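Here is a friendly walk through one protein model, written for someone new to reading structures. Keep the picture open beside the text and look up each residue as it comes along.

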Amino acid sequence: MSGSFGARLGRAIADVKHSERARRVLLHPVLTRPGYWFATAAGLLWGGVLSGFRLRSRGGVIVAAHVPKWAFGRGGTTIGAVYVTCDSVDDDVLEHEAVHREQWRRYGLWFIPLYLLAGQNALTNRFEIEAGLERGGYVRGLSSRELSSREPKK
Ligand SMILES: [Zn+2]
């Protein structure tokens, strides 16, 4: 049953994608903004408690650092306006997370199913691509020279 529910949800979202009017209604700030606030409140609670309320406003996000690694995915997770991490706080990463905060603002709680449907592979997930794969540390270590040497030889 859960499989068919997932398939139906996927189809419903695909239908919305093709209906400009449905999109406008579902992505109206009256609907999405409370979701963003709710996510931010949840992020403040989660990140606040686990960081001992060491919250800092940096680079367009509220950073909850020194959080144990079991409490978030990858190098860190942005929930609403709150970036929860252990120690991944360089400027590039914060710029990347600020884009995720903007995505939360745009989509509200729709961001959760939309992000999951975009796939677990960050390299093909449109929200990670929009936030910047390099800044997010997904393609770190590959210099532009190394990337160009991967192109097929003519
Ligand atoms: Zn990201």
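## Ala81, a residue in a loop

Ala81 sits in the loop between β3 and β4. Keep in mind as you look that this is a predicted model. Is Ala81 buried or exposed? It counts as buried, because 23 C-beta neighbours lie inside 10 Å and 20 or more are needed for that label.

Which residues does Ala81 touch, if we leave out those up to four places away in sequence? They are Thr40, Gly43, Val61, Ile62 and Arg101. Take Val61 from that list: Ala81 and Val61 are 20 residues apart in sequence, yet their C-alpha atoms are 5.5 Å apart in space.

## The strands around it

The loop with Ala81 belongs to a hairpin made by β3 and β4, with two residues between the strands. Gly80, in the turn, has a positive phi of about 60 degrees. Four bridges join β3 to β4, and the two strands run antiparallel.

Now widen the view. Four strands form an open sheet, in the order β1-β2-β4-β3, and the pairing is mixed. At the edges are β1 (55-58) and β3 (76-79), each of which pairs on one side only. From one strand to the next, the twist averages 25 degrees.

What does "mixed" look like here? Strands of a sheet pair through backbone hydrogen bonds, either parallel or antiparallel. β1 and β2 (residues 61-64) run antiparallel and are joined by four bridges; Leu55, for instance, has Ala64 in β2 as its bridge partner. By contrast, β2 and β4 run parallel, with three bridges between them, and Ile62 stands opposite Val82 in β4.

## A strand covered on both faces

In a regular strand the side chains alternate between the two faces of the sheet. You can follow this idea along β4. Val82 and Val84 are on one side, Tyr83 and Thr85 are on the other, and all of them are buried. Both faces of β4 are covered.

Helix α3 (residues 29-50) lies across β1, β2, β3 and β4 (82-85), and runs at about 30 degrees to β4. Helix α4 (residues 91-107) also packs on the sheet, touching β1, β2, β3 and β4, and its direction makes about 30 degrees with that of β3.

Let us look along α3. This helix has 22 residues and reaches 30 Å from its first C-alpha to its last, close to the 32 Å expected at 1.5 Å a residue. Tyr36, Ala39, Gly43 and Gly47 are buried in α3. Why are they on the same side of the helix? They cover an arc of only 70 degrees around the axis, which puts them there together. What covers the buried residues of α3 includes β1, β2, β3, β4 and α4. On the other side of α3, Val30, Pro34, Leu45 and Val49 are exposed.

## How the helices meet

Two packed helices are described by the angle between their axes and the distance between the axes. For α3 and α4, the angle is about 135 degrees and the axes are 6 Å apart. The two helices are therefore oblique to each other. At the meeting place, Thr32, Tyr36 and Ala39 in α3 meet Trp104, Arg105, Arg106 and Tyr107 in α4.

## Loop residues with a positive phi

Most residues other than glycine have a negative phi, and most peptide bonds are trans. Phe53, in the loop between α3 and β1, has a positive phi of about 55 degrees although it is not a glycine. Phe53 is exposed, with 10 other C-beta atoms within 10 Å.

Arg74 is another case to look up. This residue lies in the loop between β2 and β3, and its phi is positive, about 50 degrees, although Arg74 is not a glycine. Arg74 is partly exposed, with 13 other C-beta atoms within 10 Å.

Conventions. Residues numbered from 1 in each chain as written. Predicted model: local features only at pLDDT ≥ 70, side-chain atom pairs only at ≥ 80, totals over all residues. Pairing = 2+ DSSP bridges. Axes fitted to C-alpha atoms, helices over the stretch in contact; angles between N-to-C directions. Contact = placed C-beta atoms within 7 Å. Expected span 1.5 Å × (residues − 1). Buried ≥ 20, exposed ≤ 12 C-beta atoms within 10 Å, placed from the backbone. Arc of directions from axis to C-beta. Parallel < 35°, antiparallel > 145°, perpendicular 65-115°, else oblique.
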